[in-house]
Amino acid sequence: MATAATELTTLNGTSVILRIPRHSKRGRVAPKEPARLHAHAVNRILDRETGELVGWLYMWNTGELVPRWKDKAKSDVVYD
């Protein structure tokens, strides 16, 4: 076969062949994302039932919001 092919098998047993030209992957340059350099706390994370502080929400220089938990990650929380 002249081009690269990838075979994917689905649940019902049929096969699908995807043909991807080899040159399509080499010429692309992935956009460079800014590095996480610094962050600051923007909110406290409180347990909804007890009101106990369980973590902080940080905003990185990239604009990402990332929680930092004191112990284990919680799902029933409020942001203060």
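Colleague: Which residues are in the largest nonpolar core?
Modeller: I45, V54, L57, W69 and V77, five residues in total, form the largest nonpolar core. Such a core is a set of buried Ala, Val, Leu, Ile, Met, Phe, Trp, Tyr and Cys residues joined through side-chain atoms within 4.5 Å. Buried means under 20% relative accessible area, exposed means over 50%, and partly exposed is in between (1.4 Å probe, protein chains only). This is a predicted model: local features need pLDDT of at least 70, side-chain atom pairs count only at pLDDT 80 or more, and totals for chains, interfaces and linings use all residues. Residues are numbered from 1 along each chain as its sequence is written, and side-chain values use heavy atoms, with hydrogens and water left out.

Colleague: How much of the chain is buried?
Modeller: Of the 80 residues in the chain, 11% are buried.

Colleague: And what is W69 in contact with?
Modeller: Leaving aside neighbours within four places in sequence, W69 contacts I45, V54, G55, K74 and V77. Contact means heavy atoms within 4.5 Å. W69, in β5, is also the bridge partner of G55.

Colleague: How do β4 and β5 run, and how many bridges join them?
Modeller: They run antiparallel, with five bridges between β4 (residues 53–60) and β5 (residues 65–69). Two strands pair if DSSP finds at least two bridges between them. The two strands form a hairpin with four residues between them, and G63 in the turn has a positive phi of about 95°.

Colleague: Is G63 buried or partly exposed?
Modeller: G63 has 46% relative accessibility, so it counts as partly exposed. The C-alpha atoms of G63 and P34 are separated by 9.9 Å, although the two are 29 residues apart along the chain.

Colleague: New topic. How many salt bridges are there in the whole structure?
Modeller: The search finds three. A salt bridge is a side-chain nitrogen of Lys or Arg within 4 Å of a carboxyl oxygen of Asp or Glu. One of them is between the side chains of R36 and E64, at 3.0 Å from N to O. R36 lies in the loop between α1 (23–26) and β3, and E64 in the loop between β4 and β5, so the pair ties together parts that are 28 residues apart in sequence.

Colleague: What about D80? Which residue does it form a salt bridge with?
Modeller: R44, with the closest N and O atoms 2.2 Å apart. That pair links distant parts of the chain, as D80 is in the segment after β6 and R44 is in strand β3, 36 residues apart. D80 is partly exposed because its relative accessibility is 47%, and R44 is partly exposed with a relative accessible area of 40%.

Colleague: And R48, what does it pair with?
Modeller: D76, the closest N and O atoms being 2.7 Å apart. R48 sits in the loop between β3 and β4 and D76 in the loop between β5 and β6, so this pair ties together parts that are 28 residues apart in sequence. D76 counts as partly exposed at 35% relative accessibility.

Colleague: Now D47. Where does it lie?
Modeller: D47 lies in strand β3 (residues 39–47). D47 is buried yet has no salt bridge; K74, the nearest side chain of opposite charge, is 4.6 Å away. Lys and Arg count as positive and Asp and Glu as negative, while His and the chain ends are not counted.

Colleague: Which backbone nitrogen lies 3.0 Å from its side chain?
Modeller: That of E49 lies 3.0 Å from a polar atom of the D47 side chain, and the backbone nitrogen of T50 also lies 3.0 Å from a polar atom of that side chain.

Colleague: What does D47 touch, not counting residues up to four places away?
Modeller: D47 touches E52, V54, K74 and D76.

Colleague: Last one: where is K74 found?
Modeller: K74 is in the loop between β5 and β6 (77–79). With 40% relative accessibility, K74 counts as partly exposed. Not counting residues up to four places away in sequence, K74 touches D47, V54 and W69.

Technical notes: Polar contact = N/O pair within 3.5 Å; in protein donor to acceptor, adjacent residues only side chain to side chain.
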